[in-house]
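Student: Can you walk me through this one? I'd like to start with the charged side chains.

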Amino acid sequence: MVNVLQIGQVGNELSQLVHDVSDRNDRIVIESDGKPVVAMVRYEYLTGLLEALEDALDSKLLRQAIAGNDAFFGFEDVLAEHNQIYGSKF
């Protein structure tokens, strides 16, 4: 459920809004001059959403990297190149 409030309403109702969001899983949108400026959601929802966005971005970047490369190198290839450049063994 999404509730929309004007910014002037929030001050008097903040503790109740926090309760509604945390206990009932409500989502609150706070507007100023009829435009949304702030949203209140459960912290767990926010962190889950941010993790999902990060995963999606990582997947997109991986697909772009795969599309832009003609070859992949295994771990052994990377170590061999390192050892050749730096004259050391890992």
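Predicted model: local features only at pLDDT ≥ 70, side-chain atom pairs only at ≥ 80, totals over all residues.

Student: How many salt bridges does the structure hold?

Tutor: There are 3. The term means a side-chain nitrogen of Lys or Arg within 4 Å of a carboxyl oxygen of Asp or Glu.

Student: Which residues are linked in a network?

Tutor: Salt bridges join D20, R24 and D26 into a network. The closest N and O atoms of D26 and R24 are 2.6 Å apart. For R24 and D20, that distance is 3.5 Å.

Student: What separates R24 and D20 in the helix?

Tutor: About one helical turn, because they sit 4 residues apart in helix α1. Helices here are DSSP runs (H or I, at least four residues), strands are E runs of at least two, and both are numbered from the N terminus.

Student: Is D20 buried or exposed?

Tutor: Buried, at a relative accessible area of 9%. Buried means under 20%, exposed over 50%, and partly exposed in between (1.4 Å probe, protein chains only). D26 is also buried, with 4%. R24 is partly exposed at 48%.

Student: What does R42 pair with?

Tutor: R42 forms a salt bridge with E44, with closest N and O atoms 3.4 Å apart. R42 is partly exposed at 29%, while E44 is exposed at 52%.

Student: New topic, backbone. What is phi of N25?

Tutor: Near 65°, a positive value in a residue other than glycine. N25 is in the loop between α1 (7-24) and β2 (27-32). Its relative accessible area is 43%, so N25 is partly exposed.

Student: And what is phi of D33?

Tutor: About 55°, again positive, and D33 is not a glycine. D33 lies in the loop between β2 and β3 (35-40).

Student: Is D33 buried or exposed?

Tutor: Exposed, at 76% relative accessibility.

Student: Last one. Where does D58 lie?

Tutor: In helix α2, residues 43-68. D58 is partly exposed, at 41%.

Student: What separation do the C-alpha atoms of D58 and V18 have?

Tutor: They are 33 Å apart, and the two residues are 40 residues apart along the chain.

Methods: Residues numbered from 1 in each chain as written. Heavy atoms only, no water.
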